[in-house]
Structures are given as C-alpha cells and as structure tokens.
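Good morning, and thank you for coming. Please look at the sequence and the structure on the screen while I speak.

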Amino acid sequence: MPEVTSPYQPGTPCWIDLAAPDQQAAIDFYSDVFGWAGEIGPPETGGYAVCTLNGKPVAGIMAAVPMGGQPAPPTVWTTYLSAADADATSQAVSQAGGTLLMPVTDVMTLGRMCIAADPTGAVFGIWQPVDFPGAGTVNESGALIWNELNTTEPSAAATFYKASFGIESAPMEGAENYYALTVQDRPVGGMQPMSEQMPSDTPSHWLVYFAVADTDATVDKITAAGGAALQRPFDMVAGRMAVVTDPQGATFAVIHPKPMDQG
C-alpha cells in the first residue's frame, strides 16, 4: 500500500484513539491482537500512547480519567476528521447543528483538535495537523481500513457533514441502505442507519474497522483475551467481517477485505 506522507484532505478520517480505564491493559490487548507497539507516554502528554505498526503511528490509547472538572470519557474509539482550520471547522459544526463537547486546543506542536457531536448524537474529533498529519499507515493488516457512521438519521447526518466538512454522501452500489462518504470523489468512509440488531439504547456513533489477515482467527484471539463478539464473522460485499468489543467494552470491527477488482 502507498505510504501516507502528506496531510489528509479535509473531511477525511485521519486518526483514531481510544479512552480506556486501564490504559496499559488496552495497550497490551491491541498489541497482542494487531501486532502494535506502544507504551504510556510522558506526563507532559497526559500519558497519551501513540501506538505504531511497523514503526508508523496507527492509533492512540489514553487513560479514561476525569479532566478539567469533566467526567471521564466513555470507553470508545473516536474517529478524527482532518481539517485545514480547526477553529473555522468547529464554527461550521456549530452552525450546522452540531455540538462542541471540547473546545479547540493545541496539542503541543502536533496539531489542534476538538471533540464534537453531530446532530444525531455521534461523537467525533476534529484534527488540524501541524507536525502530525495522522495515521502513518492504513489499509493493511493490523491498521485502520474504514470508518463508518451508524446514525439514527442518515439524511440529517449527510446534510451536517456536507455543511461542516464538504463530505458528500451517495448510495453505495451493491449495498442496500448503505452510503459512501466521499471527499473530492474519493471514498473515505461509510454511513448506514442504525441496525435493528443493535441494542435499542445504542446512540449514533462512528465505528472503526481494522484490516486483518483472518477474521475468524482474530475473533478467536479477541474472545480468548477477554473480549466479546457482538456479530460473529460473516461475509458481506467488502469482505469477511465481525463486530467485537475489547475486554474493557470498546466496540470495533475487524475485516478481511476482498481483493480489489483488477483493471
């Protein structure tokens, strides 16, 4: 796969991170399942761990602790969308009906970020890169391959992300009730209405997918390590996938993608 050497186009998912009550246990789990390397960071970064795969950053893991009078964040994976200007994008988010959950802040010299929720309740991050563009490797085994918005109101979500980020959405060919999210005509993610298979109290959310060489073997490894399978491995249009949780309850998907059509 080509290296990710330049900043992501605005609106493109560029980074993911996890807030976990037991940060070290989360680092150990994902390192075992996906072959990552990572360690708790220095105090000046709040201990934030940048996990790597083959020496390139793939995801962040932080401790889920109360900060600034706020309660501890939930144990979830957060998808960050790239932005040329975090302040202007956060204003666009508010004007389009979104909610800012954390104001724009500087992350040392790495970039500027904030956390927001779309009008349907799905939480996401905004990342304005400075020294750090985001994930250094994607679309290979053990790395992020897809970001998917599961929402109670696809039409409202589509309107919001177009207004805020310029993300376009259109029905995906061959996939019923599924929409491709595109930036400059390039697919960067997916969107679908909330599944009836999800618990009724599940909020709208962004789901992260990791590529794996063997979906069934990976799910076996996850469950053996204390995780759980919400949807056992099944075949779908893009490959063989499963939806799982880690031992601390964070939900994610794994997929062995079908080879891309040649020619």
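For "domain: VOC", UniProt lists residues 12–129 and 143–257, in an unreviewed entry. UniProt positions are given here in the numbering used for this structure, feature names are shortened, and annotations may be inferred rather than shown by experiment. Over residues 143–257 the chain is 19% helix and 48% strand, and the end C-alpha atoms are 12 Å apart. Helices (H or I, at least four residues) and strands (E, at least two) are DSSP runs, numbered from the N terminus.

Two remarks on method are needed. This is a predicted model, in which local features need pLDDT of at least 70 and side-chain atom pairs count only at pLDDT 80 or more, while totals for chains, interfaces and linings use all residues. Residues are numbered from 1 along each chain as its sequence is written, and side-chain values use heavy atoms, with hydrogens and water left out.

Let us turn to helix α1. How far apart are the end C-alpha atoms of this helix? They are 16 Å apart, which agrees with the 16 Å that the 12 residues of α1, residues 23–34, should span at 1.5 Å a residue. The expected span is 1.5 Å times one less than the number of residues in the helix.

At the start of α1, a side-chain oxygen of Asp 22 comes within 3.4 Å of the backbone nitrogen of Gln 24. Such a polar contact is a pair of N or O atoms within 3.5 Å; within protein, one must be able to donate a hydrogen and the other to accept it, and residues adjacent in sequence count only if both atoms are side-chain atoms. Just after α1, Gly 35 takes a positive phi of about 80°.

Which residues of α1 are buried? They are Gln 23, Ala 26, Ile 27, Phe 29, Tyr 30, Ser 31, Val 33 and Phe 34. Buried means under 20% relative accessible area, exposed means over 50%, and partly exposed lies in between (1.4 Å probe, protein chains only). Ser 31, at 19% relative accessibility, therefore counts as buried. A polar atom of the Ser 31 side chain lies 3.2 Å from the backbone oxygen of Trp 36.

The next topic is the interior. In soluble globular proteins, nonpolar side chains tend to be buried together. A nonpolar core is a set of buried Ala, Val, Leu, Ile, Met, Phe, Trp, Tyr and Cys residues joined through side-chain atoms within 4.5 Å. The largest such core has 29 residues, of which Tyr 30, Phe 34, Trp 36, Trp 77 and Phe 252 touch the most other members. Several elements each supply at least two residues of this core, among them β1 (13–20), α1, α4 (215–224) and β15 (251–257). The largest share, six residues, comes from α1. Why does this core lie between domain 1 (12–129) and domain 2 (143–257)? It lies between them because both domains give residues to it. Domain bounds come from an automatic or database domain assignment. Apart from this core lies another, of 22 residues, including Ala 86, Phe 160, Leu 181 and Val 183.

A search of the whole structure finds 20 aromatic pairs. Rings of Phe, Tyr and Trp (its six-membered ring) pair if their centres lie within 6.5 Å; planes under 30 degrees apart count as stacked, over 60 as edge-to-face and the rest as tilted. Trp 127 and Phe 132 form an edge-to-face pair, 6.3 Å centre to centre with 80° between the planes, and both residues are buried. Ring pairs also link Phe 29, Tyr 30, Phe 34, Trp 36, Trp 77, Phe 210 and Phe 252 into a cluster.

Finally, I shall consider some individual positions. Met 108 is in the loop between β5 (99–107) and β6 (111–117), and its phi is near 45°, a positive value in a residue other than glycine. Asn 139, in the loop between β7 (123–129) and β8 (144–151), has a positive phi of about 65° although it is not a glycine.

Is Glu 173 buried or exposed? Glu 173 is exposed, with a relative accessible area of 78%, and it is found in the loop between β9 (168–171) and β10 (179–183). His 256, in strand β15, is partly exposed at 37%. The C-alpha atoms of His 256 and Arg 240 are 5.3 Å apart in space, although these residues are 16 apart in sequence.
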